[in-house]
Amino acid sequence: MLPHTQLDWTQGDLFEGLHCFHSGAFFEAHEHWESVWLAAQEPEKTFLQGLIQVAAAFYHFQRGNCAGTISLLRSAWRRLDKYPEVFAGVVVAPLRVAIRSWLEALEAAPQSSRPPFPQLQLTA
């Protein structure tokens, strides 16, 4: 069991990255979160890496790189699947569901309709 930890999503690069992620600016979200990831310790470091991979995956999707999207979402899934339902102030379960939905849609028929981009849900 991972220790319960909290990241502050209300300011700085976590906040800016969250805003970018929710507005579809996935490359910028990745950049903001990477600065936090570089200084983070485990278990937050791997968790942030999973979130960064989700952002990078959707950046690849926006650029038409389906294979890159699938590869990054698979990597993100493997990392985030190890975390509890809620970790570091993020409700992880719906994000995992969204990643699975995207993988199923992309792997089944690359030209099929897509689920909406996921949103990160924060705890109160």
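The dialogue below turns to one helix, a residue in it, and the cysteines.

Tutor: This is a predicted model, in which local features need pLDDT of at least 70, side-chain atom pairs count only at pLDDT 80 or more, and totals for chains, interfaces and linings use all residues. Residues are numbered from 1 along each chain as its sequence is written, and side-chain values use heavy atoms, with hydrogens and water left out.

Student: How many residues does H3 have, and what span does H3 reach?

Tutor: Helices are DSSP runs of H or I with at least four residues, numbered from the N terminus. The expected span is 1.5 Å times one less than the number of residues. H3 has 19 residues and reaches 27 Å from its first C-alpha to its last, close to the expected 27 Å. Just after H3, Gly64 takes a positive phi of about 85°.

Student: Is Gln62 buried, exposed or partly exposed?

Tutor: Buried means under 20% relative accessible area, exposed over 50%, and partly exposed in between (1.4 Å probe, protein chains only). Gln62, in helix H3 (residues 44-62), is partly exposed at 41%. Residues of H3 that are buried include Phe47, Leu51 and Phe58.

Student: Which residues does Gln62 touch, leaving aside those up to four places away in sequence?

Tutor: Contact means heavy atoms within 4.5 Å. By that rule, Gln62 touches Gly24, Phe26 and Phe117. The Gln62 side chain reaches the backbone oxygen of Gly24 at 2.9 Å.

Student: How many disulfides are there?

Tutor: A disulfide is a pair of cysteine sulfur atoms within 2.5 Å; the count is zero. Cys20 is buried at 11%, whereas Cys66 is partly exposed at 22%.

Notes
Helix = DSSP H or I, 4+ residues; strand = E, 2+ residues; numbered from the N terminus. Polar contact = N/O pair within 3.5 Å; in protein donor to acceptor, adjacent residues only side chain to side chain.
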